[in-house]
Amino acid sequence: MDVLYGLTKDFVFKEAVAFLKGKRTLTSEEYKMLSDESRAKAFTVSGYTSLEVLQEFLDCLTKAAEEGTTKEQFLEDMNRFLEEHGYEGINPWKCDNIFRTNMQTALNAGHYKSMTDETTMKLRPYWRYRTAGDGHVRESHAVMEGRVYRADDPIWDVWYPPNGFRCRCTVVSRTEAWVKSHGITVEDMIPTTVNSKTRQAEGALPDEGFRTNPAKAKWTPDLVGFPEVLKKAWRKREQKAR
């Protein structure tokens, strides 16, 4: 059994697929009106307004999680679909951003599900933040590298990855014995950084738009402030999805 994720990788992938299947497609304008928490359960791609096209993006990403489709296959499938429907294909950079960000979000959501299993929480009650550990790690993310907090610490409501576009960070569950044997200090405060503009110390935060835990986000967005026409469209789409 691979315990990297608390339970098995198969469990994580299964939950990742479920996470993607639970998303709802929205246009960019609709998406911008959501709170950060609600955005975790919605899906959009900038530059596209057709819900048919957006759904195809989401379906191809779900297929990737379910069948192990590669990023290259995702690009090929999407460009074929787009060209058949009169759109210009996406470039490799945009493909990488869409694919990596969404797959990392889904896998981390599955990872969270496995680590918060009741038995796993008892056996591995501590979580350690890990970056990719190379020269491409953002300085703002590196501040969390190696830090250990209790699994139920509220910091994970803010700092659970991904914490930015194309973020490769993850969280690993640890036993109490491991924490003690490595002389790890279990923290309970958010790390601080110095604001480059004010030169004042302040709490470190993930990238804007990623300061939430996608695995804990509510399924239904707050529609307060939405135009009535968008509220009706959302409710209709939700009824159809059930």
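Is Asp77 buried or exposed?

**Ground rules**

This is a predicted model, where local features need pLDDT of at least 70, side-chain atom pairs count only at pLDDT 80 or more, and totals for chains, interfaces and linings use all residues. Numbering starts from 1 along each chain as its sequence is written, and side-chain values use heavy atoms, with hydrogens and water left out.

**Stop 1: the whole chain**

Show the cartoon. The chain has eleven helices and eight strands. These are DSSP runs numbered from the N terminus: helices are H or I with at least four residues, strands are E with at least two. Of the 242 residues, 44% count as buried. Buried means under 20% relative accessible area, exposed over 50%, and partly exposed in between, with a 1.4 Å probe and protein chains only. Now consider contacts, meaning heavy atoms within 4.5 Å. Among those with a separation of 6 or more, 67% join residues 24 or more positions apart.

**Stop 2: Asp77**

Select Asp77 in helix H5, residues 71-84. Asp77 counts as buried because its relative accessibility is 10%. Next show Cys60 and Lys63. Asp77 touches both, not counting residues up to four places away in sequence.

**Stop 3: Phe57**

Move to Phe57 in helix H4, residues 51-67. Phe57 is 20 residues from Asp77 in sequence and 9.4 Å from it in space, C-alpha to C-alpha. Phe57 has 0% relative accessibility, so it counts as buried. Leaving aside neighbours within four places in sequence, Phe57 contacts Phe43, Val45, Tyr48, Phe74, Met78, Leu82, Ile90 and Ile98.

**Stop 4: Lys94**

Keep Val45 and Tyr48 on screen. Select Lys94 in helix H6, residues 92-115. Lys94 is in contact with Val45, Ser46 and Tyr48, leaving aside neighbours within four places in sequence. Draw a distance from the Lys94 side chain to Ser46. A polar atom of that side chain lies 2.8 Å from the backbone oxygen of Ser46. Lys94 and Val45 are 49 residues apart in sequence, with 9.8 Å between their C-alpha atoms. How accessible is Lys94? Its relative accessible area is 22%, so Lys94 is partly exposed.

**Stop 5: the largest pocket**

The largest pocket holds about 710 Å³ of space. The search uses a 1 Å grid over the protein atoms alone: a cavity is a set of points where a 1.4 Å probe fits but cannot get out, while a pocket is an open set with protein on both sides within 12 Å along at least five of seven lines, and lining residues have an atom within 4 Å of a point. Points are joined across faces, edges and corners, and the volume is the space filled by probe spheres set on them.

Select Tyr31, Thr44, Thr101, Phe165 and Phe210. Of the 26 lining residues, these lie nearest the centre of the largest pocket. The elements giving two or more residues to the lining are helix H2 (28-32), helix H3 (36-39), strand S2 (42-43) and H6. H6 gives the largest share, seven residues. Color the lining by class: eleven nonpolar, nine polar and six charged. Here Ala, Val, Leu, Ile, Met, Phe, Trp, Tyr, Cys and Pro count as nonpolar, Asp, Glu, Lys and Arg as charged, and the others, Gly among them, as polar.

**Stop 6: the loop between H9 and S5**

Go to the loop between helix H9 (156-159) and strand S5 (170-174), where Pro162 is found. Look at the peptide bond from Pro161 to Pro162. It is cis, with omega near 5°. Then select Arg166, in the loop between H9 and S5. Arg166 is not a glycine, yet its phi is positive, about 60°.

**Stop 7**

Cys167 is in no disulfide; its nearest cysteine sulfur, that of Cys169, is 3.6 Å away. Cys167 is buried at 1% relative accessible area, and Cys169 is buried at 3%.

**Last stop: Val148**

Finish in strand S4, residues 148-150, at Val148. Val148 is buried, with a relative accessible area of 0%. Its contacts, leaving aside neighbours within four places in sequence, include Tyr126, Trp127, Val179 and Ile184.

Note on methods. A polar contact is a pair of N or O atoms within 3.5 Å; within protein, one must be able to donate a hydrogen and the other to accept it, and residues adjacent in sequence count only if both atoms are side-chain atoms. A disulfide is a pair of cysteine sulfur atoms within 2.5 Å.
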